[in-house]
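Thanks for asking me to look this one over. My notes are set out as numbered points, so please have the model open while you read.

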Amino acid sequence: MAIAYQAGTAKTNTAAPGRTGNGDLTITFPAGYTPTANHFALIILYHDQGTGSTPTNWTQVTGSPWATGTAKLQAFWKTLAGGESDPVTTISGSNTNISHCANMAIYSGVHATPIDTVGTASEGTGTPMTAGSIDPTAANAMVLGLCGRGDNEDASGQTFNASSTGVTERLDGGTNAGNDSQVSMYDKTIASGASGNGSATTSATDPWVSVLIALAPGATLYSAAATAIGVGLNVRSTITSARAATAIGLGVLTKRTIIHTLPSTAIGVALK
């Protein structure tokens with residue numbers, strides 16, 4: 001099943017979820033989107049200082065918060081059940097007039113264990129905002145470039161491996177709360193192999209943090225029928241795409257995970 005982008009925080013320099021100082025920050029679902037069962041939701045949260053708590057029933061991505069300096073980037077995910085209310089994070093460790101900004105992205109077709117790979121974050125000032133390459137374990141993974149920066153300026157020119165082919169900007173939402181901040185994200189489906197370094201340009205000269213993560217695609221379901229000639233065997237299974245195996249002596253192509261089988265008959269044949 002291919003991963004598909006469904007919705008995200010509207011692009012803006014001033015109206016994304018944000019606040020100053022310590023306290024609760026409500027991260028609203030994208031305008032016009034109704035939380036839908038089995039959709040994957042990702043929150044990206046940037047801080048000029050401090051960090052945010054994990055919203056109730058969400059999970060923080062491994063390695064988050066990222067960066068060793070004062071600025072921090074965080075990410076939280078949830079496979080939606082449908083009908084959720086807007087998540088809330090509580091900011092702590094922030095001084096007055098310090099800016100915090102959050103965006104949310106929604107995808108379909110993501111595996112129940114969604115986070116395939118998490119890269120090593122980069123941090124700096126100015127432009128471009130770069131992030132080191134990752135090598136997803138799953139084929140057709142969706143690689144996301146997460147960025148947060150200490151000014152509410154647009155991002156552009158997103159690339160993987162110095163190429164913009166197949167790369168799409170999905171988020172670019174900022175807040176003018178406090179001393180301003182903004183979150184952005186771009187993505188690309190990687191059929192196999194390494195993503196190459198991620199990069200996004202911005203006019204801001206303020207601090208930034210960026211990291212790549214990969215989402216694993218959900219199982220592709222289909223039906224397969226096979227008849228082993230000469231042994232009186234009929235097999236019909238609904239299987240999920242995984243590693244291929246060959247039934248020795250039968251020449252029947254199967255898959256690693258069989259989620260449902262209909263009755264079959266075997267005469268003098270052991271099935272594995």
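**Notes on strands, rings and one buried asparagine**

1. Let's begin with a hairpin. Strand β15 (residues 168–175) pairs with strand β16 (residues 181–190) in the antiparallel sense, over 7 bridges. Please bear in mind that this is a predicted model. The hairpin formed by β15 and β16 has 5 residues between the strands, and glycine 178 in the turn has a positive phi of about 65°.

2. Next, an open sheet. Its 3 strands come in the order β3-β8-β5, with antiparallel pairing. β3 (23–26) and β5 (51–52) are the edge strands, each pairing on one side only. Between β3 and strand β8 (residues 88–92) there are 4 bridges, and the two run antiparallel. Here threonine 26 has valine 88 in β8 as its bridge partner.

3. Now to the rings: the structure holds 4 aromatic pairs. In one of them, tyrosine 5 and tyrosine 107 have ring centres 5.5 Å apart and planes at 75°, so this pair is edge-to-face. Because tyrosine 5 lies in strand β1 (residues 4–8) and tyrosine 107 in strand β9 (residues 99–108), the pair ties together parts that are 102 residues apart in sequence.

4. Is each of these tyrosines buried, or partly exposed? Tyrosine 5 counts as partly exposed, since its relative accessibility is 23% and the cut-off for buried is under 20%. Tyrosine 107, with a relative accessible area of 0%, is buried.

5. Phenylalanine 29 and tyrosine 33 are 6.3 Å apart centre to centre, with 35° between the planes, and the pair is tilted. Both phenylalanine 29 and tyrosine 33 are buried.

6. Back in strand β9, I would point you to asparagine 103. This residue is buried, with a relative accessible area of 0%. What does the side chain of asparagine 103 reach at 3.1 Å? That would be the backbone nitrogen of glycine 173.

7. Finally, the surroundings of asparagine 103. Not counting residues up to four places away in sequence, asparagine 103 touches Thr9, Ala16, Leu42, Ile43, Ile44, Leu171, Asp172, Gly173 and Val183.

Note on methods: Residues are numbered from 1 along each chain as its sequence is written. This is a predicted model: local features need pLDDT of at least 70, side-chain atom pairs count only at pLDDT 80 or more; totals for chains, interfaces and linings use all residues. Side-chain values use heavy atoms; hydrogens and water are left out. Two strands pair if DSSP finds at least two bridges between them. Rings of Phe, Tyr and Trp (its six-membered ring) pair if their centres lie within 6.5 Å; planes under 30 degrees apart count as stacked, over 60 as edge-to-face and the rest as tilted. Buried means under 20% relative accessible area, exposed over 50%, partly exposed in between (1.4 Å probe, protein chains only). A polar contact is a pair of N or O atoms within 3.5 Å; within protein, one must be able to donate a hydrogen and the other to accept it, and residues adjacent in sequence count only if both atoms are side-chain atoms. Contact means heavy atoms within 4.5 Å.
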